[in-house]
Amino acid sequence: MLASLSMVLILFVFFLLHSLYTHLRCPLRRIPSAHPIAPFTRLWILSRTLTGRRNRSIHAAHVKHGPVVRLGPTEISINDPSLIKSVYARLDKSPWYYIFTNYGSKPLFSLIHGREHSQRKRLIANIYSNSTISSSPTLLANTRKILEERMTPILDTREVHEVHELYNALTLDLITSYLFTQRHGTDFVRDEATRKRFLVDLYQIRRPYFSWASELPGLVKWVGRLTAGKVKIIPSWVDDANDQIEEWCLQMCDAAEADMPTEKGADDDCVYYRLRRNNALGRTDAASEILDHIGAGHETTATALTYATYNLSVSPERQARLRDELKTAENLWRFKDVDALPFLNSVVLETLRLNSPIPGSQPRVTTDGGCMVGEYCVPGGVTVAGQAYSLHRTFWADAEVWRPERWVNNDEEGKEGERWLWMFGSGGRGCVGKWLAVYEMKMTLACIYANYETRIVDDEGIEMDDRYTTGPISNQLLVGFHKL
Ligand code: HEM
C-alpha cells in the first residue's frame with residue numbers, strides 16, 4: 001500500500017516538474033493565462049466548455065488580461081480586429097471541425113486544407129454570392145410564397161405563437177427550397193407534426209452532447225470500447241438520431257435527383273443540381289454538403305430572427321420606427337427596396353452583434369514553423385481562436401444594450417464599430433451563406449412588421465445559451481401578434 005502511494009507521489013512530482021520545465025521553455029509563457037492552471041493542462045477550459053460557460057469565461061479573461069489570453073497548454077484566444085484579420089487570413093481550420101462530417105464525407109465546413117477547400121468552394125461560391133442572392137427571381141418567388149402563403153396564414157390562426165420553433169421551420173423551408181427547388185423543399189411551417197419529429201425529436205435533442213463529441217472524441221470512443229458499449233458518454237439514441245437525419249437528407253437528395261432537368265440552364269439556381277451536374281460531386285459527397293447547408297443555414301438565421309423579434313417586441317418605439325420606415329418602401333416584395341431601408345439594416349446588424357448565432361471560438365491552428373500573433377511568437381501546432389461573443393462586447397461602453405441606432409448614422413463610432421463585427425467570421429473560411437441569411441432576415445422582418453405589432457407573452461429563458469452555436473436557453477419565445 002505504502003509502495004503504491006509512494007509511486008503515485010513520485011509520478012505526481014514528476015508530472016509537476018515536467019509541466020514546469022515545459023512551461024519555462026514554452027514561448028507561450030509570456031501570454032497572460034485565463035486561469036493559473038491553463039499553461040499546464042486543458043482541464044480548466046475543458047470544464048468551462050462542457051458545463052456551458054466557455055464563451056463567458058473567455059470573455060472575462062479578455063476583459064481582465066487584454067486581447068491575447070492563454071486558455072490551455074497549446075490554446076490561445078485573441079480579441080482584436082487586426083489580430084483576427086491577420087490570423088484568419090493565414091491559418092487553416094483545426095481538426096475540431098471534423099465533427100461536422102456527414103456520411104463519412106467532409107463538407108466545405110470541415111475541409112481543412114486550402115486546395116480541397118477552394119475546389120469545393122468554387123462549386124457554390126457563385127450561387128451564394130451577393131449578386132446572385134439579391135437578383136434571383138426564383139429566390140424572391142420562393143421567399144414570397146413561403147412568407148405569404150405559409151407563414152402569414154399560420155400567424156392569422158391565433159394571437160400567440162412560439163416563434164423560435166416557427167422561425168426554425170421557416171428557415172428550413174427557405175434553405176431547402178434554395179438547395180432543392182421549392183418542389184423538393186420541406187413544408188415545415190405548415191406541417192407541424194413532421195417538423196416536430198425532425199426538429200425537436202431528432203435535430204435539437206442532440207445538442208447537450210455536442211461539446212463532448214467535439215472536444216473529447218477520443219475519450220468518447222475509448223470509454224465505449226473499454227466497457228464493450230456498456231458505458232456510453234453519448235447515448236446510442238444520439239447516433240440513431242444522426243443516422244435518421246442522414247437518411248432523411250439522402251432521401252431529399254434522391255427525390256431531387258430523380259427530377260434533375262437535363263437541359264442546360266434549367267434550375268441553375270438550385271444548389272443541389274450545381275453540385276451534381278456533370279457529376280461534380282458524387283452522391284454521398286453532395287448529400288454531405290447539402291446536409292451541412294441545411295444545418296448551417298437554418299438554426300443560425302432562426303436564432304437571429306427570434307432575437308430580432310424579441311428585441312423589437314420589448315421596444316414599441318423602435319417597432320413603430322421600423323413600421324414607419326417600411327411604409328416608405330415602394331415594394332416590399334422587391335429585395336432592392338427592402339435592402340435599402342437603413343433602420344431595418346440597423347436592426348439586423350445590432351441583433352447579429354448582441355445575439356450572434358455563432359458566438360463561440362472558431363479554432364485555427366499554427367503551422368509547423370509557428371508564427372507571430374501580435375507581439376507573441378507562437379510555435380506550430382497551437383490552436384488560435386477568436387470569438388464573436390467577445391469581439392461584439394469589447395468596443396462599446398454599452399455593449400450589452402440592444403441599440404440599433406448605433407448603426408444608423410455612418411459616423412466615426414459606426415465605422416470603427418464595424419471593424420469589431422464578426423458574426424459571419426472572416427477570411428477564406430468566412431460564412432458562405434451570409435448574403436442569404438441577411439436576405440432571409442430582412443424579407444421576414446419586413447413581412448412581419450409591415451403587418452403586425454408584436455408583444456412578449458413569455459420570455460422566460462430568453463438568455464443565450466453558452467455554446468459554439470447558440471439560441472435561447474428555453475429554446476422558445478412566446479410572442480403575441482396583433483394584425484394591423
Ligand atoms: C445569421 C445566420 C448565419 C450566421 C451568423 C453564420 C455564421 C457563420 C460563421 C461565423 C461561420 C464561420 C465558422 C467558423 O469558421 O467556425 C460560417 C461558416 C459557414 N456558413 Fe454560415 N452563418 C449563417 C447563415 C448561413 C447560411 C444561411 C448558410 C447557407 C448555406 C451558411 C453556410 C455556411 C457554410 C457552408 C460555412 C463554412 C464556410 C467555409 O468553411 O468555407 N451559413 N457561418
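Which residues form one aromatic cluster? Trp96, Tyr97, Phe100, Phe109, Phe210 and Tyr468 do. Rings here are those of Phe, Tyr and Trp (its six-membered ring), and they pair if their centres lie within 6.5 Å. Planes under 30 degrees apart count as stacked, over 60 as edge-to-face, and the rest as tilted.

Quick ground rules. This is a predicted model, so local features need pLDDT of at least 70 and side-chain atom pairs count only at pLDDT 80 or more, while totals for chains, interfaces and linings use all residues. Residues are numbered from 1 along each chain as its sequence is written, and side-chain values use heavy atoms, with hydrogens and water left out.

Lys93 places its charged end over the ring of Tyr97, 4.1 Å from the centre. The charged end of Lys93 also sits over the ring of Phe109, 4.1 Å from its centre. The criterion: NZ of Lys or CZ of Arg within 6 Å of the ring centre and within 35 degrees of the ring normal.

Now the ligand. There are 28 residues around it, and Tyr97, His117, Arg364, Cys431 and Tyr468 come nearest. A residue counts as near if one of its heavy atoms lies within 4 Å. Helix H14 (residues 283-313) gives the largest share of the shell, five residues. Helices are DSSP runs of H or I, at least four residues, numbered from the N terminus.

Polar contacts next, meaning pairs of N or O atoms within 3.5 Å. His117 has a side-chain N or O atom 2.6 Å from a ligand oxygen. For Lys93, a polar side-chain atom lies 3.1 Å from an oxygen atom of the ligand. For Gln362, the distance is 3.4 Å, again to a ligand oxygen atom.

What is the only protein donor of the iron atom of the ligand? Cys431, through SG, at 2.3 Å. Donors are N, O and S atoms within 2.8 Å of the metal (3.2 Å for Na, K and Ca); water is not among the atoms, so sites may look incomplete. Cys431 lies in the loop between helix H19 (412-420) and helix H20 (434-449).

Last topic, ring pairs. The whole structure has 23 aromatic pairs. Take Phe188 and Trp248: centres 6.4 Å apart, planes at 20°, so the pair is stacked. It links distant parts of the chain, 60 residues apart. Phe188 is buried, at 3% relative accessible area. Buried means under 20%, with a 1.4 Å probe and protein chains only; exposed is over 50%, partly exposed in between.

Key
A polar contact is a pair of N or O atoms within 3.5 Å; within protein, one must be able to donate a hydrogen and the other to accept it, and residues adjacent in sequence count only if both atoms are side-chain atoms. Helices (H or I, at least four residues) and strands (E, at least two) are DSSP runs, numbered from the N terminus.
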